[in-house]
Structures are given as C-alpha cells and as structure tokens.
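Please view the sequence and the structure first, and then read the points grouped by topic.

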Amino acid sequence: MVDAAIGEDTVARPRRAATRRGLRHALKRKSTVAFLLTLPLILLITLLVVYPAAYSVHLATLNKSMQRFVGFGNFEFLFKRDTFWLVVKQSCIFAITAVVFKALIGFIVAHFVHNIPAKGQRKWRGMLLVPWVIPPAMSTLAWLWLFDPSYSAFNYTLAFFGIGPIPWTGDAAWARFSVILVNVWYGAPFFMIMYLAALKSVPEQLYEAAAIDGANWWQRIWFVTLPMMRNIIAITTLFSLIVTFANFDIVRILTAGGPLDKTHIFATWAFRVGIEGSDIPLGASVSLFMVPILAVAAIFILRDVSKRGNES
Amino acid sequence: MSTMTVDKAGPTRTVKYGSMSRDRAWALRWSYFFLTLFAIFSLVPPLYMLITSLKGSAEISAATNPWWVFHPTLENYAGLLTSNQFLRFFFNSAMVSIIVVIITMLISIPAAFALSRMKFWGSATLATGVFLTYLIPDSLLFIPLFKMFALIGDVTGIQLINRWYVLLFIYPTLTVPFCTWIMIGYFASIPKELDEAAIIDGASWLQTLTRIFIPVALPGLIAATIFAFTVSWAQFLYPLVFTTSADQLVLPVGIVTTLIKGDVFNWGQIMTGALLGAAPPLIIYAFLMDYYIAGLTAGATKG
C-alpha cells in the first residue's frame, strides 16, 4: 500500500508543471465553453426581451404615424382620457379581487385535500387541477357559452330557484363579476397545488405540540400553518398578481372589454388601441403602465428567492 | 368507508380520545363535502364542453335542458375533423409547439448547465436575469415585438408577420426563461462528486452534460418539456397579433376567430373545437401528472 502510494507520487511529480499549464488552459477553455453554452440564451433575452422592452419606451414617445417625436405627448393624452382612468381602476380591481379569492379558495381547498387520507389525495388533486391544465382561451369559450344570454345554462338552472335571468356579460357589474369568476376558476388550482406542497412540508410535530397546548383549529392555522407557509404564500401571491394583472385571454374572449369599456384591463385595452386601432405608440404607452406594479412585485419575489437561496 | 373505520378505532380508548376522533370524522365528512363542491365547480366548464359537443344544432337552438344530451350525435366532431381549415389549425399548433419545445431545450439545457456548474464572470447576474425575464408577461411585449417584426419585413424584405413560423421566434421568450430556471434547480441538486468523477475520468464538459446531467435530471427535463409544450399550445395573444390569414392560424385563435362568425355562434362546433384544443394538454396531464405538478411547484420553490 505504502509502496504504491510513494510510487504514484514520484510518477506525478515531474508532470506537475505540465498539469499546471494544462489547468490554466482548461480554465480558459471552461469560460469559453460556458460562454458558448449560454450564448443562445443571452441572444434570445437581449434581442427578443430586453430590446423590445426598450423599444417599447421609444415607441411610446412617437406620434401615431411614428414619424415625429412627441415626448410625453401620449401619456398626457392618456391622462386626459376618462377611459384610461377607467382601465386603471378596473385593472386594479380585477387583479386584486381575483388574486385574493384565488389565494383564499386555494388555501381552503388545499386544507381539505390535506385533511383526507393520503391515498385518495391524488385523485382529488388531479380533478381539482383540471382548470389550470386547459388552455384558458378554450375554457373561457366554455364559460362564454355557460353565460350565453338566451341559452345560458346558468340562467336555465337559476330559473328553477326563481332567480331571474342574469345578464352575465351584458351588464357592467355582472360582466366584471363574470370576468373575475372565470379568472378565479382558472387560477385557484395553482394556489391549491402550491399550498398543498407547502402544507406537506410543515412538520407534524408542530401540530401535535399545538394540540397538547390546547390550541383549537384556527389557532393551529394562525400560529402554526400560516407562519410556516409565509414564504410560499407571499411568492405565489406575487406571481399570480403579475400574471393576473397582465391577463389578456379571459377578458378578451369573454367580454372583449365591453359593455362600454367597462371590463377593459391594460392588456386588452392596449390591444384594442395599439393593434386594432393601429395606434402602436399609444398602445405601447398603455402597456407600459403595467411596468411599475410588475416591477414592485418582481423586486419582492427576487428578494424572497435570493433570501431562500442564501439560507439553503 | 374510511370515515367509519376512523370512528370505530376511536371509542376503544378513553372517552376524551373518542370525542377527538369523532371531531376528526366530522372534519373528514366536511372535507369530502366541500371537495365535491369544488370539484364540481372545477369540472363544470369542461363537462359542459363535452355535453354541448355531442348535441346537434337543432337541439341547441331548441333550448331544452342544457345539462343533458337527448339526441347524442357526433356530427360536430365529424364536421370539424373533416374540415381542412380545422385540421390546418391543428397542424399549425402541433408544428409550432413541437418545434418550440425543441428550440427551448436546445437553448435552456446548455445554458442551465453552464449557469449551475461553471461559475464564470456574470453567471449569477445572468441567472437572476433569466428569472426576471420569466416575470415579464406577454402583454407587455406584444406591441414592440409586432412593430419589430414588421420593420424587419420592411427593411430586409423577409416577410414574417402573418406567417405561422414567426411564432417560433416569439414563443421561446415565454418558455426558455422558465425552463432554464427549473433546469438550473435540477442540475444544482446533482451531487458535485458525480461530474468531478466524470471530469477526472477524462470526460469533456459536453460529455458530462450529455452522459451525466441529462440522464440524472430526466424528471426535470420532462417537467420542463411539458411546460414548454403546454405554454406554446395555449398561447393566445401572440398568434392573435402576429397571424391573421386563416391558413396561418394556430388552434386557439383559429377557433375564436373563424368559428364565431359575426353574431352567429355555432356553439356545437365551438365547444367541439375547444374540447379538441384542450385535449393534448389534458392527455399529457392525465399520463404525466406527477411531472406536471413537479414542474409547476418547482418554478417558485426551487431557487
């Protein structure tokens, strides 16, 4: 054994200088290889994300025919329009209400799924996640048909209970409700899955200890579950806030912003103004108004992600 | 059934414990009750698609009980599956999604490998940048991207607007950041000894990636593939903006724009189309649910 070790050592010694040169060479190669491996990613992000984002700011300062620089002209124009403020208000109502209900329903349903015996959980989870799997454009069509004014399946059912025909997408208040309902239907399963994963990671001993101390069910949720799930709740909510705030498919298909622009949100209005109305600079300015809230949410998410990265 | 067994097990111990177990049984019953309610809420729209797709147009306009099919017929399916236009949508969607998945994997696997294993100047910043890109929604970029591709057409004469393959450039902006991000997570969880051993045995970086990382991180790879496919399949805003001619449309946009003619809604066909459009993601989900969920939770929990 000892002989062999010494033998190896003596063989290695003359080679050391060569290895050092080789090592430097390899290091050099490693960075080149790394650069080449990440090059497509860098190109994609620069050309198709960063550049368009900057270009969007440039576009927002041009006039409709895109030949003249107007500075903040588009923004001034928007600030003077009532429709713009309506869109701001509606986007906030839409995003906040939808996210709150998604989070609440997700939380409750996750608890119910967590409550039942483990072998049945898979089946229930599978059924409850279906809304998230169907492409939203397709499922919104089903909702549109459920909401149909004359052949509406909902109104047909409600008529049995003596509730009169509801103008699901025809009346401003109901249309807002419908749009939020569909969004909650679509997004709640995501919260459910995230919370379920978080619930499973809470150690059972904590609940036992709480039960021994005489905690009732809401005390267990308030003092054990919620603190343990705080990270996941925060990150999921922020994620969903971004996605919901930028939502397009559901509103576009269900109401197309109507009746009388009463359900337009930033994305659908930007599409209406920029693509359908072919005023690209104005459309770009409208969608730029999403940036502040997205940036705030992104900063919080990033802080959370890097914090947990440091912990692990 | 299981509630009964819990009930029986309880009273054999002390009285106090029996009441706890009775609480538990009630909690279980309530759980099942509410879960059933939520499951109904979740499944009504897809089931309603199925119900309507089996109805003839006469039955739909007769406004009979909407929740039941009195004269089941497959005429909607036959109509759509023999329509060249619809098959064209399906073909376009399939082509776009499959090619985007391949592009995404070709970009994000090497990048994730480099970012998780080869620490180089700016690698941490780049990883953060990838994550930030994932947070940028499509509704922020569609107008500048549209203008950009229109300009490319004007300057170089290569017409990309209103061609289905323009989506091959655009969709990776949605899929690559997320796939790279979760692949970084999966690659980072592979023990360093494994690739060190490979390097010592004389494997090159590329061999380490193809012989060690890809096989070991296969579950993550499947999750990322599923994600890329479902996102590409479901995308609605970009194809709506970039394509207009009927033969260039992908499925979701095709159904929404061609089956709805003015105020005339042929609901039987629309629901059939929607169901067929929802089928590929649903089938993938049915068979690969665990990977699907792994990918879903990895996005926010890995990092």
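Helices and strands are here DSSP runs, a helix having at least four residues and a strand at least two, and they are numbered from the N terminus. The model is a predicted one. Chain A and chain B touch each other through 74 residues of chain A and 77 residues of chain B.

**The contact between the chains**

- Helix α1 of chain A, residues 2-59, supplies 17 residues to the side of chain A that touches chain B, which is the largest share.
- Sorted by class, that side of chain A holds 60 nonpolar, 11 polar and three charged residues.

**Chain B as a whole**

- Chain B contains 16 helices and two strands.
- The radius of gyration of chain B is 25 Å, whereas a compact globule of 303 residues would have one near 19 Å.
- The C-alpha trace of chain B spans about 65 × 65 × 30 Å along its principal axes.
- Buried residues make up 45% of the 303 residues of chain B.
- Of the contacts in chain B between residues at least 6 apart in sequence, 72% join residues at least 24 apart.

**Helix pairs in chain B**

- Helix α10 (residues 192-200) and helix α11 (residues 205-216) of chain B have axes that come within 10 Å and cross at roughly 140 degrees.
- Because of this angle, α10(B) is oblique to α11(B).
- The crossing of α10(B) past α11(B) is right-handed.
- On the side of α10(B), the contact is made by Leu194(B), Asp195(B), Ala198(B) and Ile199(B), and on the side of α11(B) by Thr208(B), Arg211(B) and Ile212(B).
- The residues in this contact of α10(B) with α11(B) comprise four nonpolar, one polar and two charged.
- Helix α14 (residues 251-258) and helix α15 (residues 267-287) of chain B also have axes that come within 10 Å, and they cross at roughly 175 degrees.
- Angles over 145 degrees count as roughly antiparallel, so α14(B) is roughly antiparallel to α15(B).
- From α14(B), Leu251(B), Pro252(B) and Ile255(B) meet Ile270(B), Gly273(B), Ala274(B) and Gly277(B) of α15(B).
- The contact of α14(B) with α15(B) has five nonpolar residues, two polar residues and no charged residues.

**An enclosed helix in chain A**

- Helix α6 of chain A, residues 136-146, has 11 of its 11 residues buried, so it is largely enclosed by the rest of the structure.
- Among the buried residues of α6(A) are Pro136(A), Met138(A), Leu141(A), Trp143(A), Trp145(A) and Leu146(A).
- Ser139(A) and Thr140(A) are also included among the buried residues of α6(A).

**Pro281 of chain A**

- Pro281(A) belongs to helix α13 of chain A, which covers residues 280-288.
- A residue is buried if 20 or more other C-beta atoms lie within 10 Å of its own, and Pro281(A) counts as buried because it has 24 C-beta neighbours inside 10 Å.
- Pro281(A) and Lys64(A) are 217 residues apart along the chain, yet their C-alpha atoms are separated by 6.1 Å.
- Apart from its neighbours within four places in sequence, Pro281(A) is in contact with Leu59(A), Ala60(A), Leu62(A), Asn63(A), Lys64(A), Met66(A) and Asn74(A).

**Two loop residues of chain A with positive phi**

- Leu260(A) is located in the loop between α11 (249-254) and α12 (266-276) of chain A.
- The phi of Leu260(A) is near 55 degrees, a positive value in a residue other than glycine.
- Leu260(A) is exposed, having 11 other C-beta atoms within 10 Å.
- Ser278(A) lies in the loop between α12 and α13 of chain A.
- Although Ser278(A) is not a glycine, its phi is positive, at about 40 degrees.
- Ser278(A) is exposed, with 10 other C-beta atoms within 10 Å.

**Thr36 of chain B**

- Thr36(B) is placed in helix α2 of chain B, residues 15-53.
- With 13 other C-beta atoms within 10 Å, Thr36(B) is partly exposed.
- Thr36(B) and Ser204(B) lie 168 residues apart in sequence, and the distance between them in space is 55 Å, C-alpha to C-alpha.

Methods. Residues numbered from 1 in each chain as written. Chains lettered and ligands numbered in written order. Predicted model: local features only at pLDDT ≥ 70, side-chain atom pairs only at ≥ 80, totals over all residues. Contact = placed C-beta atoms within 7 Å. Nonpolar A, V, L, I, M, F, W, Y, C, P; charged D, E, K, R; others polar. Axes fitted to C-alpha atoms, helices over the stretch in contact; angles between N-to-C directions. Parallel < 35°, antiparallel > 145°, perpendicular 65-115°, else oblique. Left-handed = near helix turned anticlockwise from the far one by under 90°. Buried ≥ 20, exposed ≤ 12 C-beta atoms within 10 Å, placed from the backbone. Rg over C-alpha atoms; globule rule 2.2 N^0.38 Å.
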